[in-house]
Amino acid sequence: MKHLAKFALVLVVLLLTLAPLAACKQAAPTVQKPTVVRIGVITDATGPYAAIAGPTLDAYLDAQAYVNDTGGIDGVPIEVVVRDGAGKVDLATSMYTELVNMSPRPVMLNLIVSAYAEALHDRIAEDEIPTLSVTATSAIYPRAYTFGMYLTYADFAGLFADWLMKTWKGSAPPKVAFLTWDSTYGRAILTQEVRDYFKSKGVNLVAEEVFKMADLDVTTQLVRIRDKGADWIYSNSTATGPVVVLKGLKQLGYNVPFAGAIGFDWSCMYISTKELVEGSVAIFNFVSWDETDNPGIQKMTEYFDKASRPAKDRTVLYPLGFQNVLICKEVIGRAVKEVGWDKLSGEAIKAQLLKLKNFSALGISTITYTADRYSPSLARVYQFKDGKLLPVSDWMEAPNLLEAKYK
Amino acid sequence: MSLPCGTFNETYAQDMAIVRTRTQWIILVGGLVLLFALPTFAGPRVITLGNLIGISVISVLGLNILTGYCGQISLGQAAFMAVGAYTQAMLTVHLKWPFWAALPVSGVVAAIVGLVFGTPSLRVKGFYLAMATLAAQFVVPWMIVNVKPDITGGIHSFRVPAPALGGGLVLNTQTEMFYVIIPIAVIMTFFAKNIVRTRVGRAFVAIRDNDLAAEVMGVNVFRYKLLAFAICSFYAGIAGALWAHWMRNIAPTHFHLVDSIWYLGMLIVGGIGSTTGAVFGAVFIRTLDLSVSLLSPWVSSTFPAIGGQASAALSPLLFGLAILLFILFEPRGLYHRWEIFKAAYRLHPYSH
């Protein structure tokens, strides 16, 4: 009896001691932070787009270093996992499967080639993995989990029309010819919405010509464009594309200004000469490498030099890659703050992407997404002057030229 | 077929059998069991690669019938795959046909298109025939992009749903697609293996070896050449249809001339004129392709000073080097190596 009383006393003391502890534990469960946050990237380190997409590898690795040097996301370091699609959708699909089945699974994905983004659009939606992608409309729309990392190609063309009408000094309406790549990317500007917008702005779209990515001569197309009396040529092509057009213009002695968006950049100068691109116009949604007083450019340059990157990797996709990592950091961080690490999901990150308004990625670019528009809308016009790309306009809001079927 | 030492064919049935000995049966059944059990122990990347290999095997088997057995070269295999893929997509998306009903029709439509592009084979051969089939690689994508782009999607991608097998069963994942693609690949391998043993197959081989002699013997050369084109394109059509559902998305850029050349490359590397070689070639090239593409991101992150573009060059360099060395040291393909291995195994421990 005496033993039983002693045992009961111990039991009561234990209960009285442990119960509040257990209650405390229930009230504030400790959530383990992950050891790393992964961001998956599928780009073209090899294949036809490698000349321009190659430096994304450098940008993502340098931006990863920058984010981790500045405390990661809520103290958790990020890890960028880069995979090469080599210009083949089947390989990109294989890489995607690997990424989404990785442990820990990347919480966001970046796709640098339109064809991959198009091919993976539905799988991304099913897997609920928020993705930043290059911007062929069919890569982003119908709206799901894919967001544009810059303006859609149609919106870039619309912004070009706006800028042209602002600066046009001729008495007759300007005549513009499209000479673009015969690919999903190139043909993204050949939509009825773009044609209608040009017409509404008073720009006379006189020709729509295409050429293959492998073509080294576009004389035939240029002769047809010359016959139509074009005042400007606008192209949606990258790396060798603009160079082929500019060489053709030089060979023909056809003195007409040339413009391009996003893909027409420093890389074109590296593979030709600065004289060839002099005076041409390019449109980006971020600041130029040559704006050395920009804090974002200074930071990028610091990491670029620290990693001893080759000078020719200073192309358009480097700031873009850097910007993308900063967007990922921002939205993942916001999602963690709102729902916590334990409830971090694709849906929570997507919700934060949709709340992103005028987000300044280190001053490199300004990003806004809305429920209607899954791509940014601010961009600026630059011009090649003595081997540098310098702004010739303020930041401009591009028109929304989304195809009717996606509205 | 060479038989193991001490094994003799005593009946016609034995002479006709593809699988002749108990060991061969054990290897076949064991191999199939292992193949179909692959998703239980292999990771998703391997399964995805397995699906791609399965599709490639079907396409290369078709090319082997045309080029390996009948001796007619074709550079349009990817274009015929495009015909199958777009037919399958249009039937299942626009006309709401079930997957299984649309699949053979896609093969047949591709076969008809193959017949059209095979017609020049009566008058030309060798490089000239290659040029004629090359036309398919330009005409077919052009038609997809420019003729009725509202139906085909034009230059943009055409979204294809995951195949539904009825009863609400939708094959969404790579593993589920594995159990569609691989059985079809196995069945089509069986048919390909058998074709060469038939009257038709023997006519193909006769044409390949000497078309004049074949004609003198009474083989209708034009008919059999066209038949080879039709069978080859049928295989390509089925491969294309499976590709459409596997990718869940098709675009003209998925069926490039480079792909046609690589299907031919797979055949050469594997061993032209052999069903086993076609399988070996597809497995080897696809695996090599995936392996080298993993190299450049690794090099770039390990040696940052090299830079993304320079390190990227390593992958195609290594890929090209592997193919070059292969052709240099084993021009008869992997199949020949396999035959040497089998002979050595049968004769062990005696070398002669």
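Visitor: Among contacts in chain B between residues at least 6 apart in sequence, how many join residues at least 24 apart?
Guide: The share is 73%. Bear in mind that this is a predicted model.

Visitor: And what is the share in chain A?
Guide: In chain A, 68% of the contacts between residues at least 6 apart in sequence join residues at least 24 apart.

Visitor: Back to chain B. How many helices and strands are there?
Guide: Chain B has 18 helices and two strands. Its C-alpha trace spans about 60 × 55 × 45 Å along the principal axes.

Visitor: What radius of gyration does chain B have, against a compact globule?
Guide: Chain B has 21 Å. A compact globule of 352 residues would have a radius of gyration near 20 Å, so the two agree. Buried residues make up 45% of chain B.

Visitor: Now chain A. What box do its C-alpha atoms fill?
Guide: Roughly 115 × 45 × 40 Å, taken along the principal axes. Chain A has 16 helices and 15 strands, and 54% of its 407 residues are buried.

Visitor: How many residues of chain A are in contact with chain B?
Guide: 36 residues of chain A are in contact with 33 residues of chain B. On the chain A side, the elements that give two or more residues are α3 (55-69), β2 (78-84), α4 (89-100), α5 (114-127) and α8 (184-187).

Visitor: Which one gives the most?
Guide: α4(A), with seven residues. By class, the side of chain A that touches chain B has 13 nonpolar, eleven polar and twelve charged residues.

Visitor: Is B:Arg248 buried or exposed?
Guide: B:Arg248 is buried, because 21 other C-beta atoms lie within 10 Å.

Visitor: Where is A:Ser308, and what is its phi?
Guide: A:Ser308 is in the loop between α14 and α15 (317-339) of chain A. Its phi is near 50°, also positive in a residue other than glycine. A:Ser308 counts as exposed, with 10 C-beta neighbours inside 10 Å.

Visitor: What span should α13(B) have?
Guide: The 14 residues of α13(B), 257-270, should span 20 Å at 1.5 Å a residue. The end C-alpha atoms of α13(B) are 20 Å apart, which agrees. Its buried residues include B:Trp262, B:Tyr263 and B:Leu267. Just after α13(B), B:Gly271 takes a positive phi of about 130°.

Visitor: Last topic, cis peptides. Which residues does a cis bond join in chain A?
Guide: One cis peptide bond joins A:Ser103 and A:Pro104, with omega about 0°. A:Pro104 is in the loop between α4 and β3 (108-111) of chain A. The bond from A:Tyr141 to A:Pro142 is cis too, with omega near 0°. A:Pro142 lies in the loop between α6 (137-140) and β5 (146-148) of chain A.

Methods. Residues are numbered from 1 along each chain as its sequence is written. Chains are lettered from A and ligands numbered from 1 in the order in which they are written. This is a predicted model: local features need pLDDT of at least 70, side-chain atom pairs count only at pLDDT 80 or more; totals for chains, interfaces and linings use all residues. Helices (H or I, at least four residues) and strands (E, at least two) are DSSP runs, numbered from the N terminus. A residue is buried if 20 or more other C-beta atoms lie within 10 Å of its own, exposed if 12 or fewer, and partly exposed in between; C-beta atoms are placed from the backbone. Two residues are in contact if their C-beta atoms, placed from the backbone, lie within 7 Å. Ala, Val, Leu, Ile, Met, Phe, Trp, Tyr, Cys and Pro count as nonpolar, Asp, Glu, Lys and Arg as charged, and the others, Gly among them, as polar. The expected span of a helix is 1.5 Å times one less than its number of residues. The radius of gyration is taken over C-alpha atoms; the globule rule is 2.2 Å times the number of residues to the power 0.38.
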